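Open the model in your viewer and keep the selection tool at hand.

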Amino acid sequence: MASASSSEPICWPASADLTPVADTGRPADPGGPLVVVLSGPGGAGKGTIARILAAADDSIGLSVSWTSRDRRSDDADDAYVFVDRAAFEARRDEGGFIEWNEFLGCYYGTPVPGADDGQVLLFEIDVAGGRQVLQSDPGALCLFVDAPDDDELRRRLVDRGDGTERADTRIVEAMRERAEAADLGYTIVLNADLDRAVREVAALIAARLATKSPR
Ligand code: 5GP
């Protein structure tokens with residue numbers, strides 16, 4: 001994970017202060033890294049966007065999730081920590097995840113961040129995970145990366161190795177996630193053109209950082 005440009009240790013807030021700030025009415029900024037949640041259907045490109053941003057900027061760290069699903073042929077070596085269900089449950093039961101979910105029969109979880117995870121920490125997780133993150137960090141920036149339409153999404157899913165049946169299941173799931181993301185106030189980023197989507201996400205992060213209290 002990329003480390004912070006500052007030498008100050010970054011600590012994950014153990015419990016966020018939800019007290020409204022008197023003059024803004026917004027929750028107090030708990031400090032620590034800006035958490036950016038990237039959700040969206042598989043195949044929409046959120047992982048690619050996250051990797052490009054993290055590679056381009058040392059102050060942006062990428063959280064590596066744990067999963068109990070089997071490795072796919074297109075998974076990068078560091079896409080996940082791949083474990084069996086028992087190892088996942090053991091880590092979960094000792095409080096090792098800040099959020100976790102079961103998706104299409106497999107566990108996914110975000111490890112509790114370390115002290116040197118960057119000024120910005122990207123979580124590539126589903127909307128149910130985003131909901132849990134917002135509960136502990138209401139200042140998290142939640143972005144829903146989507147494909148331009150479902151035909152394109154199906155094509156991308158099949159191309160990357162999902163069978164047509166699993167692709168269809170994922171498209172139904174994507175419809176449900178879109179509704180939940182809208183309910184949570186996610187900002188939508190349409191990924192029709194990768195360069196443009198990366199620039200859009202970078203601009204949203206910069207704008208949110210500009211309003212965040214210095215650490
Ligand atoms: P995939 O199997 O395509 O890699 O991921 C399936 C879904 O799980 C995607 O929506 C992905 O964003 C989500 N996901 C990946 N890691 C995590 C995680 O740590 N927590 C949660 N809640 N969802 C995750």
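Helices (H or I, at least four residues) and strands (E, at least two) are DSSP runs, numbered from the N terminus. By that count the chain has six helices and nine strands. The model is predicted: local features need pLDDT of at least 70, side-chain atom pairs count only at pLDDT 80 or more, and totals for chains, interfaces and linings use all residues. Residues are numbered from 1 along each chain as its sequence is written.

**Whole chain.** Of the 215 residues, 35% are buried (20 or more other C-beta atoms within 10 Å of the residue's own, with C-beta atoms placed from the backbone).

**Core.** Select Val36, Val37, Leu38, Leu122, Phe123, Leu143 and Val145. These have the most contacts inside the largest nonpolar core, which has 42 residues. Such a core is a set of buried Ala, Val, Leu, Ile, Met, Phe, Trp, Tyr and Cys residues joined through C-beta atoms within 7 Å.

Now centre on Val36. Beyond its neighbours within four places in sequence, Val36 is in contact (C-beta atoms, placed from the backbone, within 7 Å) with Val120, Leu122, Leu141, Leu143 and Ile205.

**Helix pair.** Select residues 150-159, helix 4, and residues 164-184, helix 5. Their axes, lines fitted to C-alpha atoms over the stretch in contact, come within 9 Å and cross at roughly 135 degrees.

Show the side chains where they meet. Helix 4 brings Asp150, Leu153, Arg154, Leu157 and Val158; helix 5 brings Thr164, Ala167, Arg170, Ile171 and Ala174.

Technical notes:
Buried ≥ 20, exposed ≤ 12 C-beta atoms within 10 Å, placed from the backbone. Contact = placed C-beta atoms within 7 Å. Axes fitted to C-alpha atoms, helices over the stretch in contact; angles between N-to-C directions.
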